[in-house]
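Here is a short briefing on one protein model. Keep the structure in view as you read.

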Amino acid sequence: MAGSVLITGAGSGIGLATARLLAARGYRVHGGVRKGEDAERLRALGVEPLLLDVTREEDLLRAREALREKGLFGLVANAGVAVAGPLELVPPSAFRQALEVNLLGVHATVQAFLPLLRGGRGRVVLMGSVSGLLALPLMGPYAASKFALEALADALRVELKPFGVRVILIEPGSVATPIWERSERAAEGYLLPPPSGTEEVYGRYLEVARRMARRNARRGLPPERVAEAVLHALESPRPRARYLVARRERAWQTLFLRLLPTPLRDQLLARALGV
Ligand SMILES: NC(=O)c1ccc[n+]([C@@H]2O[C@H](COP(=O)([O-])OP(=O)(O)OC[C@H]3O[C@@H](n4cnc5c(N)ncnc54)[C@H](OP(=O)(O)O)[C@@H]3O)[C@@H](O)[C@H]2O)c1
């Protein structure tokens with residue numbers, strides 16, 4: 001069934017692993033990147049790079065024109081950023097960036113490429129997260145963007161049914177990619193200073209956030225596991241609406257915590273995070 005697939009955010013992590021896997025399986029892969037060195041890396045893998053920032057309409061239109069002749073079977077809306085931190089210390093500009101990339105960028109990307117996908121009764125694969133199922137403290141902006149993506153996926157899936165375009169949401173748990181280090185570094189730049197009298201609590205929270213990010217980077221699943229799920233979403237004759245891709249204990253924890261009464265869930269989360 002190999003055809004032409006566009007992956008956004010293909011320069012690193014899950015996007016890169018997916019580009020590598022799909023190219024090896026005979027797909028014609030177009031990888032959205034924002035940096036010249038990422039374009040070179042993709043070319044070496046047999047992937048055709050496209051300069052594409054999903055928050056820039058002109059990039060999306062240019063990319064669509066570049067692909068118009070070649071057609072498109074699959075769109076993997078993968079580009080994303082992890083904006084984290086205690087909500088009182090996250091400036092609106094940083095929160096807005098999470099929504100711009102992880103939510104509005106996905107909508108704009110899908111909108112731009114649907115005319116090409118519709119012709120081939122193609123597939124849209126959206127990169128959600130377990131953070132779209134359970135909001136952990138200190139991950140508020142990221143979780144808000146991924147919860148919203150769940151809503152986008154649910155609406156889009158039904159709306160596109162008459163056109164034969166399937167919409168599949170992948171929900172990875174922690175994956176060992178550069179996103180964690182990037183998020184930590186970015187937060188150092190944008191987080192507001194804690195108001196007077198809150199330094200001790202927020203100091204503790206920030207230490208917990210750092211530990212969580214480092215543990216996720218160290219113990220996360222290999223990105224290739226998520227790439228396999230994307231391949232399945234593109235190839236299965238009857239793909240599911242969503243695929244949770246996580247270590248078994250993380251998957252069960254997430255599903256179990258969602259079912260608990262809120263006060264109990266809050267208590268367990270606070271204890272697990274040491275906050
Ligand atoms: N890692 C995890 O634990 C995990 C878990 C669940 C879901 N996810 C999701 O998986 C996706 C990929 O993340 P990853 O873990 O592979 O992290 P990553 O290695 O940091 O990859 C994110 C990619 O998105 C690109 N990107 C960021 N802003 C963009 C924009 N405005 N336009 C186009 N591309 C942009 C980045 O490009 P630049 O290098 O140019 O910034 C990068 O290539 C994200 O949607 C993330 O939320 C990750």
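The second largest pocket has a lining of 19 residues, and E184, A187, L191, L206 and A209 are the ones nearest its centre. The model is predicted: local features need pLDDT of at least 70, side-chain atom pairs count only at pLDDT 80 or more, and totals for chains, interfaces and linings use all residues. Residues are numbered from 1 along each chain as its sequence is written, and side-chain values use heavy atoms, with hydrogens and water left out.

**The second largest pocket**

- On a 1 Å grid over the protein atoms alone, a pocket is an open set of points with protein on both sides within 12 Å along at least five of seven lines. Lining residues have an atom within 4 Å of a point.
- This pocket holds about 290 Å³ of space. A volume is the space filled by probe spheres set on the points, which are joined across faces, edges and corners.
- Helix 6 (179-190) and helix 7 (199-219) each supply at least two lining residues. Helices (H or I, at least four residues) and strands (E, at least two) are DSSP runs, numbered from the N terminus.
- Which helix gives the most to this lining? Helix 7 does, with 6 residues.
- The lining has 13 nonpolar, 3 polar and 3 charged residues. Ala, Val, Leu, Ile, Met, Phe, Trp, Tyr, Cys and Pro count as nonpolar, Asp, Glu, Lys and Arg as charged, and the others, Gly among them, as polar.

**The cavity**

- Rolling a probe the size of a water molecule over the atoms shows where empty space is left.
- A cavity is a set of grid points where a 1.4 Å probe fits but cannot get out.
- The count is 1 cavity of 30 Å³ or more. The largest cavity has a volume of about 30 Å³.
- T8, V54, A77, N78, A79, V101, G105, V106 and T109 line the largest cavity.
- Helix 4 (residues 92-119) gives the most to that lining, with 4 residues.
- By class, the lining of the largest cavity has 5 nonpolar, 4 polar and no charged residues.

**Salt bridges**

- Side chains of opposite charge can pair when their charged atoms come close.
- A salt bridge is a side-chain nitrogen of Lys or Arg within 4 Å of a carboxyl oxygen of Asp or Glu. How many salt bridges does this rule give? The count comes to 18.
- D38 pairs with R41, and their closest N and O atoms are 3.3 Å apart. The two sit about one helical turn apart, because they are 3 residues apart in helix 2 (residues 36-44).
- Is D38 buried or exposed? D38 counts as buried, because its relative accessibility is 9%. Buried means under 20% relative accessible area, exposed over 50%, and partly exposed in between (1.4 Å probe, protein chains only).
- R41 is partly exposed at 38%.
- E65 forms a salt bridge with R64, with the closest N and O atoms 3.8 Å apart. E65 is partly exposed at 44%, whereas R64 is buried at 18%.
- E207 and R210 also meet in a salt bridge, at 3.3 Å from N to O. They are 3 residues apart in helix 7, so about one helical turn separates them.
- E207 is partly exposed at 36%, and R210 is partly exposed at 30%.
- Salt bridges that share partners join E150, D154, R157, E171 and R242 into one network.

**A surface patch**

- F256, L264 and L268 form a nonpolar patch on the surface, with about 250 Å² of accessible area together.
- Patches are made of residues with over 30% relative accessible area and no salt bridge: like charges are joined within 9 Å, nonpolar side chains (Val, Leu, Ile, Met, Phe, Trp, Tyr) within 5 Å.
- Accessible areas come from the Shrake-Rupley method with a 1.4 Å probe; for residues, only the protein chains shown count as cover.
- L268 lies in helix 10 (residues 262-273). L268 is partly exposed, with a relative accessible area of 32%.

**Two residues and their distances**

- G164 sits in the loop between helix 5 (140-159) and strand 6 (166-172). G164 is buried, at 17% relative accessibility.
- G164 and R123 are 41 residues apart along the chain, and their C-alpha atoms are separated by 8.6 Å.
- V275 lies in the segment after helix 10. V275 is partly exposed, at 31%.
- V275 and A227 are 48 residues apart along the chain, with 34 Å between their C-alpha atoms.
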